[in-house]
Structure formats: C-alpha cells, structure tokens
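Trainee: I am new to this structure and would be grateful for a close look at a single part of it. Could you please take the aromatic rings and their surroundings as the subject?

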Amino acid sequence: MTHILLCMSGLFLLSAVICGNAEELGVKATVTADRLTIPTGGSVTLTCVVQHFADLEYYWIREISSKNKSLISTGAVISISEGGNYTCRGWRRDTNSLLTESDSVTIQETVSNRTDVKLQHSWSQIFTGETITLRCEIQGGEGKVWKYEWTAPNTNSPPTSSEYRISRVSVSHSGDYRCRGSSDYLLTGWSDAFRLTVSSSKPRASLTAQSSIIPAGGSVTLSCSVEGSAGWKFDWFRHDSVSSKAQLMRGNEANRVISVSQGGLYHCRGGRGDPVFYTEDSSDVTVTETRAVQFFK
C-alpha cells in the first residue's frame, strides 16, 4: 500500500512511465458517465473500464483546481454527488504497479440558487429602435465568479456575461429569454422565461392644455404623456407661428406638466434610455395670450 500511495502522489512520475508503456500497447482506461450534470440532491454514476485486463484495482481522483486533487474512492463503478474533474487509474494487482490512467471527465453539480431574468428598466412596453438591457440575477451567488449562458430568439452568439444588451431592438427580438450560471463545477438551473414583446410602431407623444387662453397676468398648464408606457422624460418646444422654427424651451424634464405664460404654438416629445430613444413629436397646441388693455382719459 505504501508503494501505491507513493505512486499516486505529486506528479506521478512512475505512473507516467508505466502508463506511457501501457498506452503504446493499446491499453487505456476509459471513463463513462450516465450524465454530465448532477441534479439537485442527486448523483452521477461513473464507470471505469480497461480492456483486456481483469485483475485490476481502480482508483478515482477528483480535481477541483490544479492544487486541489484528492483520492476519493476505489472500484470500477462509483456514485458521486459533487462536481469536479474525475480521473480513474487502473492498478495491476499481480505486479503491484499502475497500468493506465484515463482522460478526465468534467461533472457539474446543480445548485439550488434561484436564477431570474429581469429588464433593467421596469417598462411595460418596448418599442422598435430602443436599446434595452436584460440582467441575469443569481440569488445567493455573491462571492463567486459566474459565467452566464443565455437562450434567446434571433441570435447565434448570446453573451456570457450577466447582462444582455440589445441595441436598436426590433420585433424579431420578441420572445422568451432564459439564463443560467456556472462557477467552477457548479451549475444553476435555467431561469423561468422572461417574455419580451417589442412593438413595431414608434409612439407619439400627446400634448393637452388646461386652456387655450392664458388669462392676463396668468398662466396655462400643459401636460405631455406617452400612452401605455413609462420611464419618459420630456422635451418642450415653442414657436411663434407655423412658419417659424420651433425652439427648445425645456429639455429632459422629469415632470410631464409645465406652466406657460407666453402665447404661441407648443409641442413636446418623450425620451428615455441610453442612448436616448425619442417618441414622435406631439401635435402643436396653440395657446393665446390675453393682453391687458389700457384706457386713457
């Protein structure tokens, strides 16, 4: 047994020599797994086979890093419940020597961490041309470096990061998005589907006025809105007549309501996101200013 332990430590110099000779003779250990992912609370069965040799002992090594290898079990067939790289070795009883070593097989372990896909902004409606970001969130996954996997419509190369950014989204991006994460030999389950629906039409802002006439010395309230959606900031424009050029009077206003005390033609538009996506301009609303009339004696 001392001989066995010596041969199975360090970089196994003696093993390499013996295995090299064995492989030249066509002798090679082969590992098969009934599946490559351990389900939550389950196990995977590994089988080691060396053709043409019957009187062998089998040893299994589990590796989770280049500095972390351990002898975990003996026997041609084992059941495991932890992820890692697994290698089997065939040991000849008659010569008390290592005969061959298999290639490693990678087994991932499914963890119970919940995974969710979320839209960066809680917008109820997405429009063609907008830029959006979906995020994959792994609950309780802090402290680990995760690699992410996505399933998505209309793409052959989804990202491997936690964020899925789509520039100038189109109707073809509509569909279900799922993600999962892996870290070393750990694997989460797939998230529930996040259904993305992209509208083909560009929204138009709507402008209403509290009154079309500004009383002398007073003001009128204007309201800008984008029906059926949220997250907008508003730009306000005014011009003196239909033929004159509209001037931006207020930009990127979070408040959709303003007060004006000057007559003219007003319109608005909404903008949101980064880069900013703009709605169609609203129709013009005409507001007439009442001027005080002075009487002279």
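**The aromatic rings and their surroundings**

Mentor: In this predicted model, K202 lies over the face of F277, at 5.7 Å from the ring centre. The ring of F277 also takes part in an aromatic cluster, whose members are F127, W232 and F277.

W232 belongs to the loop between β21 (220-225) and β22 (233-239), whereas F277 belongs to strand β26, so their pairing ties together parts that are 45 residues apart in sequence.

The surroundings of F277 deserve attention as well. Strand β26 covers residues 277-278, and the loop between β25 (264-272) and β26 contains P275. The peptide bond from D274 to P275 is cis, with omega near 0°. In general, most peptide bonds are trans. A further charged residue is placed over a ring here: R269 lies over the face of Y278, at 4.0 Å from the ring centre.

The structure holds five aromatic pairs. One of them joins Y164 and Y177, with 5.7 Å between the centres and 80° between the planes, and this pair is edge-to-face. Y164 lies in strand β14 (residues 163-166) and Y177 in strand β15 (residues 175-183), so that the pair links distant parts of the chain, 13 residues apart. Y164 counts as buried because its relative accessibility is 8%, and the cut-off for that term is under 20%. Y177 is likewise buried, with a relative accessible area of 0%.

N96, in the loop between β7 (84-92) and β8 (97-101), has a phi near 50°, a positive value in a residue other than glycine. N252, in strand β23 (residues 247-253), has a positive phi of about 55° although it is not a glycine. Most residues other than glycine have a negative phi. N96 is partly exposed, with a relative accessible area of 31%, while N252 is exposed at 51%.

Technical notes
Residues numbered from 1 in each chain as written. Predicted model: local features only at pLDDT ≥ 70, side-chain atom pairs only at ≥ 80, totals over all residues. Heavy atoms only, no water. Helix = DSSP H or I, 4+ residues; strand = E, 2+ residues; numbered from the N terminus. Buried < 20%, exposed > 50% of the residue type's maximum accessible area, 1.4 Å probe, protein only. Phe/Tyr/Trp six-rings, centres within 6.5 Å; stacked < 30°, edge-to-face > 60°. Lys NZ or Arg CZ within 6 Å of the ring centre and 35° of its normal.
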